[in-house]
Amino acid sequence: MDAMVKLGQLRKTFGPIVAVEDVSFTVGRGEVLGFLGPNGAGKSTTMKMITGFLTPTGGTVKVNGFDMREQPLEAKRSLGYLPEGAPAYGEMTPLSFLTFIGEMRGFRRAELYRRVSETMGTVNLEGVAHQPIDTLSKGFKRRVGLAQAILHDPYVLILDEPTDGLDPNQKHEVRGLIKTMAREKAIILSTHVLEEVHAVCTRAMIIAKGKVITDGTPAELEARSRYHNAVILRLRGPRTDGVQVTLEGLPGVERAEALDGTALEYRILPKDGQPIIGAVSQCVHRQDWDVVELSVEHGHLDEVFRSLTVPAQALT
Amino acid sequence: MGRIGVIFKRELVGYFATPIAAVFIIIFLMLAGAFTFYLGDFFARGQSDLIPFFDFHPWLYLVLIPALAMRLWAEERRGGTIELLFTLPVTLWEAVIGKFLAAWCFTGIALGLTFPLWVTVNILGEPDNGVILASYLGSFLMAGGFMAIGSCTSALTKNQVIAFVISVIVGLGFVLSGFSMVLDLFSGWAPQFVVELISSFSFLTHFNALSRGVVDLRDLVYFLSLIGFWLFATALMLEWKKAE
């Protein structure tokens, strides 16, 4: 795996505030790294340092092998960046804006024309090519931002909240686009939407208070949830006596939580995250319960997120 | 066309894509005309030169150029496009120079559009066109000086009103330091070289020299190095305040 982005002991302080503290990681081609973290955790600051907008207080950034401090132009040529909120020059049209970006990236004449029209096709901007960007909807503005980031077909893509504020259809489109580009590129994206991590990321990283807290596949992250491999069991009445006791007596079961007042729906939590669906389903069979639903949970990312980013005493 | 040229073109086209160009040019021409004919007594003087026209340029620029310059960087920062610009493969210098040149060139266009006055004096009399050309050069260079100051104060803040006010104040300092009113405050007690030093920093001293038709290398060097200094300060401000 080629290391396209390499961070070493990256650090950024604003006066007495430490925004990013000794962050080190490597992202290779084909990886889509999701940055998760509460607001103000240092996600955007880290991205701004990777893209060369902010100068780190300490540590190194290498993009496509080029050190951002020593060879900033070469490093910047290798990356495309969608800043938070997809800023663009509002008085320009998507066509003139993308032509400007293409010229800044060194394309001229036929090559410039080809890249601009291809990219507008990729993100479906042709219909609004001649309207001032200021007059476009949020979804179109975001597409303009994406278009300028991918115009030069960069090795590395840095996307700061690429789907923020989009409607479900637009989100789906953008995710599809990211997935199709993922194979040849190294992509880092930040998001608040945890389902997005499932949808597009091959790797997820939680950042809080400027530090990397976890780094793994989305599945690994979910496995840290206490709901990982839990079983949801819903029964049809009226027979409800002793169900909870029976369930809790099963091997590998930690506890059975009644989910509603009627004692018909349970979440059965496993010991140490081991699969218990087999034991539960055999039990259901033996007891001849009238089952409406029986399913395994993979774990709740938002619960993992909360438990890792909120101090323990604040959890309720 | 290099990256400075690409930025220059985008900026210059940008002025004309917004009402800024029309408003600025119309106001500039109206004020320049009003000053020349009413305050400057262009006709009553009965002389075929453009002195009443050029005499008011420092005051015109003092107010109008900061209004144009205040958006240079403040606007980029407010809209977040500064992040876009500086993550493109471009150096800080290229961006500072490209944007400045576009703004300066735009004031040059406005200045150039005063040509009917030049035509008028040539019809009415026989002016010294060399002096007029030198005056236009001096006026253009002085506009560059005001613009470079505005560029720096615009880089300082994302609030355009603050950028405007600071540019006017700094510009006023550079104009007034050549005024006898200010110099008299010093000439009574300060050594002669101090008075000359203060006066030598003034736009007026150098502009008046040029508008008398004397194209002295020192005046050109003064304006160009002043522009260089304020652009350098712009780059420093941007580097320092980029994150805010």
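A residue is counted as buried if 20 or more other C-beta atoms lie within 10 Å of its own. This cut-off is used in the legends below, which describe a predicted model.

**Figure 1. Helix α3 of chain A is mostly covered.** Just after α3(A), the backbone at G106(A) adopts a positive phi of about 90°.

**Figure 2. Chain A and chain B are in contact.** On the side of chain A, 20 residues take part, and they meet 18 residues of chain B. Helices α2 (72-77) and α3 of chain A each contribute at least two residues to the side of chain A that touches chain B. By residue class, that side of chain A comprises 11 nonpolar, 4 polar and 5 charged residues.

**Figure 3. The domain assignment divides chain A into three parts.** Domain 1 consists of two segments, 3-78 and 154-222. Domain 2 covers 92-146, and domain 3 covers 231-297. Between the C-alpha centres of domain 1 of chain A and domain 3 of chain A the distance is 41 Å.

**Figure 4. Strands β1 and β2 of chain A form a hairpin.** Strand β1 (residues 3-14) of chain A and strand β2 (residues 17-28) of chain A run antiparallel and are joined by 8 bridges. One of the bridged pairs is V5(A) with V27(A), the latter in β2(A). There are 2 residues between the two strands, and G15(A) in the turn has a positive phi of about 60°. In a regular strand, side chains alternate between the two faces of the sheet.

**Figure 5. Four strands of chain A make an open antiparallel sheet.** The strand order is β12-β13-β11-β14. Because β12 (253-258) and β14 (291-296) of chain A stand at the edges with a single partner strand each, one side of each has no neighbour in the sheet. From one strand to the next, the twist averages 15°. Strand β11 (residues 231-235) of chain A runs antiparallel to β14(A), and 5 bridges join the two. Within this pairing, I232(A) has S295(A) in β14(A) as its bridge partner.

**Figure 6. Helix α10 of chain A lies across β11, β13 and β14 of chain A.** The helix comprises residues 277-287 and runs at about 165° to β14(A). One residue of α10 of chain A is V284(A). V284(A) has 18 other C-beta atoms within 10 Å and is therefore partly exposed. Leaving out residues up to four places away in sequence, V284(A) touches W289(A), V291(A) and L294(A).

**Figure 7. Chain B is built from helices, with 14 helices and 0 strands.** From the N terminus on, its elements follow the order α-α-α-α-α-α-α-α-α-α-α-α-α-α. The radius of gyration of chain B is 19 Å, close to the 18 Å that the globule rule gives for 244 residues, so the chain is as compact as a globular protein of that length. Taken along the principal axes, the C-alpha atoms of chain B fill a box of roughly 55 × 50 × 30 Å. Of the 244 residues of chain B, 39% count as buried. Among contacts in chain B between residues at least 6 apart in sequence, 80% connect residues at least 24 apart.

**Figure 8. L72(B) is a buried residue in helix α5 of chain B.** The helix spans residues 71-79. L72(B) counts as buried because 24 other C-beta atoms lie within 10 Å. Apart from neighbours within four places in sequence, L72(B) is in contact with K99(B), A103(B), G150(B), S151(B) and S154(B). L172(B) stands 100 residues from L72(B) in sequence, and the two are 20 Å apart in space, C-alpha to C-alpha.

Note on methods. Residues are numbered from 1 along each chain as its sequence is written. Chains are lettered from A and ligands numbered from 1 in the order in which they are written. This is a predicted model: local features need pLDDT of at least 70, side-chain atom pairs count only at pLDDT 80 or more; totals for chains, interfaces and linings use all residues. Domain bounds come from an automatic or database domain assignment. A residue is buried if 20 or more other C-beta atoms lie within 10 Å of its own, exposed if 12 or fewer, and partly exposed in between; C-beta atoms are placed from the backbone. Two residues are in contact if their C-beta atoms, placed from the backbone, lie within 7 Å. Ala, Val, Leu, Ile, Met, Phe, Trp, Tyr, Cys and Pro count as nonpolar, Asp, Glu, Lys and Arg as charged, and the others, Gly among them, as polar. Two strands pair if DSSP finds at least two bridges between them. Axes are lines fitted to C-alpha atoms, for helices over the stretch in contact, and angles run from 0 to 180 degrees between N-to-C directions. The radius of gyration is taken over C-alpha atoms; the globule rule is 2.2 Å times the number of residues to the power 0.38.
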